[in-house]
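Colleague: Could you take me through how the parts of this chain meet, and through a few of its local details?

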Amino acid sequence: MVQRIAVIGAGPAGLSAAKHLIGRGFDVTVYEKGSEVGGLWVYENDNGIGAAYQSLRINSEARDTGYRDFPIPAEASLFPTHYEMRAYFNAYADHFGLRQHIVVNTAVDSVEPVAEAPGAPRWKLKLNDGTEPEFDNVVVANGHQSIPSHPPFAADFTGEYMHSRDYRVPDRFAGKKVLVVGTGNSGLDIAADVCIVTDQTVLAARSPVLIMPRMMFGAPLSRFLAKVERPWLPWPLARRVRELVTLVAHGRMEQWGFTTPKTRTHPASHPTVMSHIAWNRIAVRPGTRSAEGTTVRFDDGTEEDFDAVIAATGYQFDIPFLGSELSPINGGRIDLYRRAVSPKWPGLYFVGLFDVSGGANIRMIDIQSRWLAAVISGDVDLPDEAAMRSAIAEEHEQMARLYPSGRRYGLELDPREYGLAVREDLAKAKEKVAASAPNPQPV
C-alpha cells in the first residue's frame, strides 16, 4: 500500500518536502494555514504569521539560493525581493504539480500518535475544520519565525512598541524618535528603512557583530568568500578574512559603536546601514537594560526617551501543535538526527529547523528534503535510537564550542559539514539501490 504522508506548511520547506516525497510515489497532503504558498515570503500573508516587510530582500545571491532542480530565474535581481520570491514559489508549485496536493486555509491544531502499527505508530491530525485524518508519516515544515521573542523591558515601555514580525513600512514612524533593538539582518534592514523618515533612529547592539558589505569588486561578496574560505581553511583564518574584508569596506566595528566578535556569530551584511550610520541617520548604542515609561536605559547606564521601539529580537523555538512529548525542542536546541528525524517517534519528521551559517536556507532545505525522502523510502538506513541520540549530543557539544550559548544560535547549521554528511548518506543509498537491482539479462 502507498504510504500517506501529511506535510504541515506550504512555505519553502513544505513545498520542497512535498515535491521530493511525491517524486518517490507517496500519497502526500500538504496543509497550509493561509491561502497562498510561499510562507514568510508572502507579503501580508493571510496565515496570520507573515513577517515580510515591504523592503525585504533575500540576503543570499539568487543563483545560490533556489532549489537545485528549479533555479531562480536569471532575470531576477541579484538579491530578489519578496515579490520575486513569492512568484518563484508559485512557479515551483505549478511546475511540479504540487497545488493538487495542497489544502489551503486549513490549520493543524494538533498531531498525535494513534494505535501502533508494526514498527511505528500512525498519526492523527486534528484540523481546524473539525476533521481528524490519519497518516503513516508526518513532516513538520511550518518554519520557525512565527512566535516573537520580546526583550525583557517590552511590557514596561509605554510608547509605541512593535516586534519586527509586525513591521511593514516606515511611514508610521515619520518624525519620531525610534529605537531598533537587535543587529541581526532584520534589525539592520529595519533601521536602514526607518531612518529615512524618522527624527532620529537608534540601533541597540548588545551582541558583537561583524557587518559585512553585500557587494565586493562589483559582485556579491559570497562569490569572493567561496574562493577564499575553502573547507580546509581553519576557522580563525576564515574569521580574519572576514574581518579584513569588513575593515576595508567599513573600518573597525568599534569606531561605529559595535563590538567585533571573537567567536563564531551568524553572518550579518547590509548594503547601506553603515552609510546611514556615517551620515548620522542612525546612532549606535549598547544593549538595552530596562525601560520606564518612554525612557530606555542602556547597558552603559545612559538613558534616552523614545517615541517607539521596534524589537528585532528573534523568535521563540516552539511548535504549538506538538505536545512536549513530541516536540524536538530542548532548552533552545533541536533534538533531531540530521535535523530531521525524531529518534523516539518513527514517522515524525521535520524540514527546515535550522538557520544556515553563511549559506542559503532554501538551498539547504532542498538538500534536506531529498535526503528525507530517501529515508522514508528506505534507501537511506538510519542508525538505531541510541546511535541517533549520540550523534545529536555530539552535535550539541560542537555547537556549544563554536557559538555563544544564547538562544539565537540554537538553530545554527554549518552548511559545509551538514551538506557533506547528507550527500554521503545519499551516495551510500545510491550504491545500495544499484546493488539490489536485478542483473541485466543477456541479449
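Predicted model: local features only at pLDDT ≥ 70, side-chain atom pairs only at ≥ 80, totals over all residues.

Colleague: Where is Glu-44 found, and what is its phi?

Modeller: Most residues other than glycine have a negative phi. Glu-44 lies in the loop between E2 and H2, where helices (H or I, at least four residues) and strands (E, at least two) are DSSP runs numbered from the N terminus. Although Glu-44 is not a glycine, its phi is positive, about 55°.

Colleague: How far apart do the C-alpha centres of domain 1 and domain 2 lie?

Modeller: The domain assignment, whose bounds come from an automatic or database source, gives domain 1 as 4-146 + 316-436 and domain 2 as 150-313. Their contact (heavy atoms within 4.5 Å) takes 31 residues from domain 1 and 25 residues from domain 2. The C-alpha centres of the two domains lie apart by 29 Å.

Colleague: What area is buried between domain 1 and domain 2?

Modeller: Buried area is the accessible area (1.4 Å probe) that two parts lose on being put together, summed over both. Carbon and sulfur atoms give 45% of the area buried between domain 1 and domain 2. The total comes to about 2,300 Å².

Colleague: How many salt bridges does the rule find across the interface of domain 1 and domain 2?

Modeller: With the salt-bridge rule already given, the number found across the interface of domain 1 and domain 2 is three.

Colleague: Which kind of aromatic pair do Tyr-67 and Phe-89 form?

Modeller: Rings of Phe, Tyr and Trp (its six-membered ring) pair if their centres lie within 6.5 Å, and planes under 30 degrees apart count as stacked, over 60 as edge-to-face and the rest as tilted. By this rule the count is 17 aromatic pairs. For Tyr-67 and Phe-89, 6.1 Å centre to centre with 70° between the planes, the pair is edge-to-face.

Terms used: Residues numbered from 1 in each chain as written. Heavy atoms only, no water. Salt bridge = Lys/Arg side-chain N within 4 Å of Asp/Glu carboxyl O.
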